Amino acid sequence: MTIKLCTETFGMQEPDTLKTYIDNQGYQAWKDIINNQTPKSKVIEKIKDSGLRGKGGAGFLTGLKWSFIPLIDGQKYLVCNSDESEPGTCKDRDILRYNPHAIIEGMLIASYAIGASVGYNYLRGEFMDEQWKIFKQALSDAYKERLIGKNILSSNVTINLHALIGAGAYIVGEETAMLESIEGKRGMPRIKPPFPAIKGLYGKPTIINNTETLASIPKIMLNKSGWYKSLGIDNSEGVKMFCMSGHINNPGNFEVPLGIPFSELLNMAGGILNGKKIKAVIPGGSSVPVVKGDIMMQVNMDYDSISEAGSMLGSGGVIVMDESACMVSVLHRISRFYYSESCGQCTPCREGTGWLYKILTNIVSGHGTQNDLHQLERIATQIEGHCICALGDAAAMPVRSFLKNFWTEFEYYVDKKESMVS
Amino acid sequence: MSQEFKISKELASLIDNVVKKFPSNRKRSAVIESLLILQHDNHGYVTKDIIKALSNYLSVSEIDIYEVATFYTMINVAPVGKNVIAVCNNVSCMLRGSDEILTHIEQKLKIKVGESTSDNKFYLKDEIECLAACNGGPMMQINHKNYENLTLERVDKILEKFDDN
């Protein structure tokens, strides 16, 4: 079963235009709020009731996050995080290019609810040729219709939205690093607390939400209370986009109710390539622990089920590996990424990610020892929980889970100086 | 021939549009996009003179701009080839054969990742980030435009298109 929320306009003729969006009830929720002068607290209450959880990776309750904004007057900001860069994740890029107005409407409603007069959508630099152009066009079209800007639809509400572009840095997807980047600095995460809702962009209260989260808002507001909740299951309310990639026949984005069996999702993606056997799955972007294929086949795609299987739902980037995948090489590749993307601020992450990568490089080049495998575990343990942001944990979790689930394969590589699968 | 770089009227108006997105006392916020604009106008990289000019224009110290220029991988502080190729070889693409694509391009262009061709036509960026097109892997970007579901034959055809420019 597919539910079209963020993906509603996907596959339509000219999916990104204002006309297509409006023909599909677009901006109706926003117009209702403006025309009825809906109290902010009611908007926040409805999002809280929906159970909507952040779709960027952490899965934090969106309505609860909004409610942290101080009720005092003064400048506040909304930031949409379109710095999609968690390896295995490619959903926001499709929302940006096929349904940009859903993001804009979501940003408007969120800005209204938290009392922000300015909102920024920060897109990763690599989106500059396609998604950024489309999103800027959508913004300009919505401005012309007076859906954004000064005195929106002749009301006394003023909200300005802007599109920003990054320049290549995974770490900027971390919310406080993104604030630094918007301030024109290197993307180095800030120590929390204070949380951005209290002290964010330019020191002002700021809410940062993921693209998919914000694009989900209009339909939630448009429908009856309880509708969104009813689509998913307890504690994993609503729907989620899963990006299916790797060894599968039909890679793509699938927006499905939370709680559906992984096996069903795999079927939607055409099953394993060339009829091979499933070996492993990274269910939520490369930061989360890897799960063995046979275990994954029994798991449902919701926060609790995946957590019981020892991993996390994360960003919804599902990387599927068949029996031909060399787990040592895959981990080596993952480690290179985190080593390169560590901002260098915290010693355990800066040094530790380098050690992990160097040791794994040694192993794949045939110079590894048994002791190296234990050393990898020790280093990962020492990074985890010892840094300002989650990048260090994101580097450590794959290492520990790959070793735990595929120890014999690592031992084989060290002993025979070649991969077990090639 | 170190000549002082002057931000042209055209470039200045582009930068002014960036500045306008932010509060009036927050010009520093415009640094990243301004660097991309200036780089685009200068064969894909920024020089110390360009950074100096931007520093004066935005009233942000040179070192603050240089820090940004060297932190973000899409900003180059040294000359690079005219067309920038970035082959995604993160996990999803790797599983679909991106390593073969990358090796093929290296051999075809007779360069290694991180190098530019001797005729300066191509720069093969050492792309480590995932380019967020996992369902189209293997994929690459040339000048930030996506080319997905690559095969070696498709890569050859795509690169040929750049022969006459």
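**The interface and the cavities**

In this predicted model, 60 residues of chain A are in contact (heavy atoms within 4.5 Å) with 40 residues of chain B. Residues are numbered from 1 along each chain as its sequence is written, and chains are lettered from A in the order in which they are written. Local features need pLDDT of at least 70, side-chain atom pairs count only at pLDDT 80 or more, totals for chains, interfaces and linings use all residues, and side-chain values use heavy atoms, without hydrogens and water.

The size of an interface is often given as the accessible area lost when the parts come together. Here the buried area (accessible area, 1.4 Å probe, lost on being put together, summed over both parts) is about 4,200 Å², with 57% given by carbon and sulfur atoms. The interface has 4 salt bridges, a salt bridge being a side-chain nitrogen of Lys or Arg within 4 Å of a carboxyl oxygen of Asp or Glu. In one of them, A:Arg333 pairs with B:Asp99, and the closest N and O atoms are 2.9 Å apart. On the side of chain A that touches chain B, the largest share, 8 residues, comes from α14(A), a helix (a DSSP run of H or I, at least four residues, numbered from the N terminus).

The whole structure holds 4 cavities of 30 Å³ or more. A cavity is a set of points on a 1 Å grid over the protein atoms alone where a 1.4 Å probe fits but cannot get out; lining residues have an atom within 4 Å of a point. The largest cavity has about 90 Å³ of space, and A:Cys343 and A:Cys346 are among the residues lining the largest cavity.

Technical notes: 1 Å grid on protein atoms, 1.4 Å probe; cavity = no way out; pocket = protein on both sides within 12 Å on 5 of 7 lines; lining within 4 Å. Points joined across faces, edges and corners; volume = space filled by probe spheres on them. Buried area = accessible area lost by both parts, 1.4 Å probe. Helix = DSSP H or I, 4+ residues; strand = E, 2+ residues; numbered from the N terminus.
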